[in-house]
Amino acid sequence: MVQPNTIVTISAATAAAGLLAYAVYFDYQRRANPDFRKNLRREERRLARAEREEAAAQSKQKLRDIHRAVDVAIAEGFPTGTNEKEKYFMEYVQEGENLALKPERTTDAAFAFYKALKVYPIPRDLIAIYDKTVDKRVLDVLAEMIAYDKTLDLNAQEPNGTDPDDYMDLPNPAQD
């Protein structure tokens, strides 16, 4: 009777010999057969083109998702009262900071920061703060949201008829 170890050893040796024979055959074909080399290059180019097309499709889909999220946020509206704005701002800055820690949640983090930006009295100042404190991946998505949103006035100063001291109690995310 044959030992199980012997069967396993013979099987492994046969598989290794077959793999070695295929490697030698492949190498010989690659060196000696011009059609084989041509087909290998053609297949490489086809795979590279497919990868580029897939990356472009994913990029377009991500852009559509970003635009859809901005449209939904605008349709939902934003708070108008000072206290509501402050609470809304704090909630979404905190959410954005938590989501930014997870690389797979980059778009969600940018969306939270975008919502906070919409209620901040001087958006340009908050963008400068974001630029210093937020990860670049999140900033890139946030920049796309800002570029798409035509209702966001980045040149806004203190609203007319309001006292700048009314906004002094709004927290600064860079100080947290």
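# Working through a helical model

Being 3 residues apart in helix H2, Arg46 and Glu43 are separated by about one helical turn. Keep that spacing in mind for the exercises below, which all use a predicted model.

## Exercise 1: Salt bridges

**Task.** Find how the side chains of Arg46 and Glu43 meet, and decide how each residue is classed by accessibility.

**Solution.** 
- Start with the contact: the two side chains meet in a salt bridge, with 2.5 Å from N to O.
- Next, check the limit: a side-chain nitrogen of Lys or Arg has to be within 4 Å of a carboxyl oxygen of Asp or Glu.
- Now take the accessibilities. Arg46 has a relative accessible area of 40% and is partly exposed. Glu43, at 34%, also counts as partly exposed.

**Solution.** 
- Both residues lie in helix H6, 4 residues apart, which is about one turn of the helix.
- Exposed means over 50% relative accessible area. Lys136 is at 55%, so it counts as exposed. Asp140, at 44%, counts as partly exposed.

**Solution.** 
- The search finds 8 salt bridges.
- One further example joins the side chains of Arg105 and Asp108, at 2.6 Å from N to O. Arg105 is partly exposed at 31%, and Asp108 is partly exposed at 34%.
- There is also a network of salt bridges that links Asp27, Arg30 and Arg31.

## Exercise 2: Aromatic pairs

**Task.** Describe the geometry of the pair formed by Phe26 and Phe36.

**Solution.** 
- A pair of aromatic rings is described by the distance of the centres and the angle of the planes.
- The structure holds 7 aromatic pairs. In the one formed by Phe26 and Phe36, the centres are 5.4 Å apart and the planes make an angle of 75°.
- Planes over 60 degrees apart count as edge-to-face, and this pair is edge-to-face.
- The pair links distant parts of the chain: Phe26 belongs to helix H1 (residues 4-32) and Phe36 to helix H2, 10 residues apart.
- Both are partly exposed, Phe26 with a relative accessible area of 28% and Phe36 with 21%.

**Task.** Now take Phe113 and Tyr130: are these residues buried or exposed?

**Solution.** 
- This aromatic pair is tilted, with 4.9 Å centre to centre and 55° between the planes.
- Phe113 sits in helix H4 (residues 106-119) and Tyr130 in helix H5 (residues 123-133), 17 residues apart.
- Buried means under 20% relative accessible area. Phe113 has 4%, so it is buried, and Tyr130 has 1%, so it is buried as well.

**Task.** Which residues do ring pairs link into a cluster?

**Solution.** The cluster consists of Tyr22, Phe26 and Phe36.

## Exercise 3: Patch and fold

**Task.** Which residues form a positive surface patch, and where is the place of Arg49?

**Solution.** 
- The patch is formed by Lys38, Arg41, Arg42, Arg45, Arg49 and Arg52.
- Arg49 is in helix H2 (residues 34-76) and is partly exposed, with a relative accessible area of 42%.

**Task.** How many helices and strands does the protein chain have, and what share of its residues is buried?

**Solution.** 
- The chain has 6 helices and 0 strands.
- Buried residues make up 26% of its 176 residues.
- Ile146 is an example: its place is in helix H6 (residues 136-148), and at 15% relative accessibility it counts as buried.
- The C-alpha atoms of Ile146 and Val70 are separated by 8.9 Å, while the two residues are 76 residues apart along the chain.

How values were computed: Residues numbered from 1 in each chain as written. Predicted model: local features only at pLDDT ≥ 70, side-chain atom pairs only at ≥ 80, totals over all residues. Heavy atoms only, no water. Patch = residues over 30% accessible without salt bridge, like charges linked within 9 Å, V, L, I, M, F, W, Y side chains within 5 Å. Areas by Shrake-Rupley, 256 points an atom, 1.4 Å probe, with all protein chains shown as cover. Lys, Arg positive; Asp, Glu negative; His and termini not counted. Charge placed at Lys NZ, Arg CZ, Asp CG, Glu CD. Helix = DSSP H or I, 4+ residues; strand = E, 2+ residues; numbered from the N terminus. Buried < 20%, exposed > 50% of the residue type's maximum accessible area, 1.4 Å probe, protein only. Phe/Tyr/Trp six-rings, centres within 6.5 Å; stacked < 30°, edge-to-face > 60°.
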